[in-house]
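Please keep the sequence and the model at hand while reading.

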Amino acid sequence: MLLEAVYHRPKLNWAYAYDQETIHLRLRTKKNDITEVYAWTGDKYDWSSTQELVPMEKMISDSMFDYWECTAKPLFRRMRYGFLLKDETESIWMTENDFQKERPKNSDRLFDFPFINPADVFTVPAWVKDTVFYQIFPERFANGDPSNDPENVLPWGGKPERDNFFGGDLQGVIDHLDHLSELGITGIYFTPIFAATTNHKYDTEDYMKIDPHFGDTDTLKRLVKACHDRGIRVLLDAVFNHSGRTFSPFVDVREKGEQSNYKDWFHIREYPLEVRDGIPTYDTFGFEPLMPKLNTEHPEVKEYLLKVAEYWIKEVGIDGWRLDVANEVDHQFWRDFRRVVKAVNPDAYILGEIWHESSPWLQGDQFDAVMNYPFTEAVLDFVVRGTLDAQGFANAIGKQMSRYPLQATEVAFNLLDSHDTARLLTLCEDNKNKMRLAALFQFTYSGTPCIYYGDEVGMDGANDPDCRKCMEWDPEKQDLQLFEFYKKLIQVRADHPALRTGSLQFLIAEREGTKLAYERRLDDESVLVLLNNDSTTQTLSVPVEEKAWTDAFTGSTWKAQRGKLTVKLAPYGYAVLYPAE
C-alpha cells in the first residue's frame, strides 16, 4: 500500500452530515492500490458494545486516486471512527494520527464526529434535484409590450451588439410560457432585470426597481404567478459584487468626491474618480469603469443589499437568487445573506457564480450550489473539443464528484453554455449529433441541468455579443426535431429518479478511446447510459444481471447474452436503457 496517498480529514467533503441522522465518510487511496476499505465506527461513550466495521464502496475514481465512501446512522448522532485498509497481502488500521498494523486497543486516538447538530447540517432545497432550468436573457427573449421599448429599438432578429436593444421584456416571457411548459421546463433563471443602462443589466442603477424597459413590479408579480401556476420556479440574478455607474450612491461620490457620505460604499484608491491608462482609480469588476465594486463589509452597504435580497422574495415570491461574481464578495457577507434569505424562505435556492473549485462556499453556511463550470469544461473537452479521451473524461467527472458533499452535487447547476460563452451548437461546429451527445450526459448526470434559451430550437452564436441573439420564434426557422429531442430528454430524466439522484459508476471509459458507459443506480432502479463519441459506428458491451433492457428513447429491446449486453451505436449515438418488464 502507498500510505502516502491515503487521505482523510474529519470535515468538509470527507466527513459530513447528509441529514439529521446520517453521516457520510470518505477516504482517498492510490488508484487500484487497495482492495477493501472499512470504516471502524462506534459511540465514544460506549465503544466496546457499539463498534462496527462498515464496508466502504469505491464511490468514484480520477486519474490518480480512488475515493471510498460509506454511510452511517449513529444511534445517538455522534461517532468515533477509524479505517481498516486491506490489499492482497496486508491489513492496516488508520487512526487520527498514524497507521498501524495492530487494531487500536480503544477509540481514544480515532477520528471524532462530535455530534450532528441540526443547525450545522448542510441543507439544500430538495426541489432543485428534480428541476430543469432554462436561462433567459430578457432583452432578447420576446417583445411582449412595445410600449416600453427603449429609444432606437431595432427590429427583432437583428445582429446583436454590445450596445443595441431589441425590446425584449417580461411580458414577452409571459406570452411564451406555453413553449417552456411544452418543453418540460420547471425552472427559469433570469439574467438581471433591475434598472440599468445596458442591455445585459449587470450595471445596476436601482436594485429596488424593475428596469422600465422590461416592465414593473406588477409585471414581475404576474410573471412569477404564471410560472408558479405551471410548476415553474423563478431564479433572479443578484449583482452584489458591483453596482452600475449610475447607482445613486456612486453618482454622489462622483459629484462630491471625498466629501460624499457614500465614499466608503466603494473601494476608492485615489481621487478624482477617473480612468488612467485603462485602469480606474477605484476597484471595479475587471477594469470596467461602469461597474464600481461595492464594499460589502460596510454596514450600510450590507444592510441595503440584504434588504434587497429579502424584499424580492417577500414582495414577489421568487424562489432564489443567482449571485454574480460571487467569489469576489467577502464570505461573511454571504453567510449573512444566507441567514436572511433562508429566514424568509427556507426552500430558496442560493446559487453562486464561480468558475472554479468552490469548496469554501459549499460548507452549508453560504451557497446551496455553484454554476458547475468544471463540469461544463469536462463535457466540452470530451465531446466537443476532443482534448479528453473517455478515460480522461471519467477521471475529470470523478474528481469533480469527490470535491463536494453529496447534497451540493445533487443541486449543482449544470450548464453547457450561457450568455457568457459561445453557444453549444457553435462550439460543436454545427454538428447537432455532438450537441445531442453533450446534452445527453448533462441530463443523465446528478445536479440540475440548464438549457440556454434557443438551444432547443437550434440557435447558434459565437462569444458575446453573438451568443445573445434574439430568440427565434418563426417555426419555419426552428429546428423542431431538436426541440423534440430536448423534450424527450427532459421526460426521460423525469421518468427515472436514478438519473437525478442515483449513484454513478463508470462501466466503460476507454483510454485513448471514445466509448463511454455508466450506470446510475438508486435503490432497486438501474439505468445504463451508453455513448459513442466518435464519427464511426461502434459496439459497446457491458456486464449486466438483467436479461433484457428497454431503450428509453426508441422503446426497442436489447437482450443480454451470457451476462453481457452488446449495443451497436451510430456515430455520436447513445442509448439510455432500463430493465425490461
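## A bridge between two strands

In this predicted model, Leu25 has Cys70 as its bridge partner in strand S6. That pair belongs to the contact between strand S2, residues 23–30, and S6, residues 65–72, which run antiparallel and are joined by eight bridges.

## The four-stranded sheet

S2 and S6 are part of an open sheet of four strands, whose order is S1-S2-S6-S5 and whose pairing is antiparallel. Strand S1 (15–17) and strand S5 (57–61) stand at the edges of this sheet, and because each has a single partner strand, one side of each is left without a neighbour in the sheet. Neighbouring strands here are turned against each other by 30° on average, with direction ignored.

Helix H9, residues 390–403, packs on this sheet and touches S2, S5 and S6, while the direction of H9 makes about 120° with that of S5.

## Strand S11 and its partners

Elsewhere in the chain, strand S11 (residues 133–136) pairs in the parallel sense with strand S12 (residues 187–190) over four bridges, and Phe133 has Gly187 as its bridge partner in S12. S11 also pairs in the parallel sense with strand S22 (residues 448–452), over three bridges, where the bridge partner of Gln135 is Tyr452.

In a regular strand the side chains alternate between the two faces of the sheet. Which residues of S11 lie on each side, and are they buried or exposed? Phe133 and Gln135 lie on one side, Tyr134 and Ile136 on the other, and all are buried, which leaves both faces of S11 covered.

Note on methods
Residues numbered from 1 in each chain as written. Predicted model: local features only at pLDDT ≥ 70, side-chain atom pairs only at ≥ 80, totals over all residues. Heavy atoms only, no water. Buried < 20%, exposed > 50% of the residue type's maximum accessible area, 1.4 Å probe, protein only. Pairing = 2+ DSSP bridges. Axes fitted to C-alpha atoms, helices over the stretch in contact; angles between N-to-C directions. Contact = heavy atoms within 4.5 Å.
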